[in-house]
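Dear colleague,

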Amino acid sequence: MTISGEAGGTGVDPERLDDDDLFRELLRLHETRHETLRHGSDDALDAHTTRTAELEGEYLRRFPQREIAPERLRSGRA
């Protein structure tokens, strides 16, 4: 495993985070997305997008059977 924070990355490898830290990191990224989109540099937005993809990918890997709210489904989709 690598540390993304080394050599210009954006943080600890998501695989190394425990579940609580993963949830906390995801929440913080989602809270800061709008501000980064509106006011961050291109590099900041790229880093934010990359880190979000890393953490969301790890979440989906750990919780493939996550609860999906029926009201969040499009008609005819499963």
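**How the two helices pack**

Helix H1, residues 19-39, and helix H2, residues 42-62, have axes that come within 10 Å and cross at roughly 145 degrees, and the crossing of H1 and H2 is left-handed. On the H1 side the contact is made by Asp 19, Leu 22, Phe 23, Glu 25, Leu 26, Leu 29, His 30, Thr 32, Arg 33, Thr 36 and Leu 37, while H2 brings Ala 44, Leu 45, His 48, Thr 49, Arg 51, Thr 52, Leu 55, Glu 56, Glu 58, Tyr 59 and Arg 62. Sorted by class, the contact of H1 with H2 has 9 nonpolar, 6 polar and 7 charged residues. Please bear in mind that this is a predicted model, and that every value in this message was computed from it.

**The protein as a whole**

The protein has 2 helices and 0 strands, and buried residues make up 19% of its 78 residues. Among contacts between residues at least 6 apart in sequence, 55% join residues at least 24 apart.

**The nonpolar core**

The largest nonpolar core has 5 residues, namely Leu 17, Leu 22, Leu 26, Leu 29 and Leu 55, and helix H1 gives the most to this core, with 3 residues. As a general background to such a grouping, nonpolar side chains in soluble globular proteins tend to be buried together. Leu 17, if residues up to four places away in sequence are not counted, touches Val 12, Leu 22, Glu 25, Arg 51, Leu 55 and Arg 62, and of these Leu 22 and Leu 55 belong to the core as well.

Pro 14, which has its place in the segment before H1, counts as buried because its relative accessibility is 7%, below the 20% cut-off for that class. Pro 14 and Leu 55 are 41 residues apart in sequence and yet 5.9 Å apart in space, C-alpha to C-alpha. Leaving aside neighbours within four places in sequence, Pro 14 is in contact with Arg 51, Glu 54, Leu 55, Glu 58 and Arg 62.

Thr 36, in helix H1, counts as buried at 13% relative accessibility, and apart from its neighbours within four places in sequence it is in contact with Ala 44, Leu 45 and His 48. Thr 49, in helix H2, counts as partly exposed at 37% relative accessibility. Between Thr 49 and Arg 33 there are 8.6 Å in space, C-alpha to C-alpha, with the two residues 16 apart in sequence.

**The aromatic residues**

A search of the whole structure finds 3 aromatic pairs. One of them is formed by Phe 23 and Phe 63, a stacked pair with 5.7 Å centre to centre and 25 degrees between the planes. Phe 23 lies in helix H1 and Phe 63 in the segment after H2, so this pair ties together parts that are 40 residues apart in sequence. Both of its members are partly exposed, Phe 23 with a relative accessible area of 39% and Phe 63 with 26%. Phe 23, Tyr 59 and Phe 63 form one aromatic cluster, and in that cluster Phe 23 and Tyr 59 are also among the residues that make the contact of H1 with H2.

With best regards

Notes. Residues numbered from 1 in each chain as written. Predicted model: local features only at pLDDT ≥ 70, side-chain atom pairs only at ≥ 80, totals over all residues. Heavy atoms only, no water. Core = buried A, V, L, I, M, F, W, Y, C linked by side-chain atoms within 4.5 Å. Buried < 20%, exposed > 50% of the residue type's maximum accessible area, 1.4 Å probe, protein only. Helix = DSSP H or I, 4+ residues; strand = E, 2+ residues; numbered from the N terminus. Contact = heavy atoms within 4.5 Å. Axes fitted to C-alpha atoms, helices over the stretch in contact; angles between N-to-C directions. Left-handed = near helix turned anticlockwise from the far one by under 90°. Nonpolar A, V, L, I, M, F, W, Y, C, P; charged D, E, K, R; others polar. Phe/Tyr/Trp six-rings, centres within 6.5 Å; stacked < 30°, edge-to-face > 60°.
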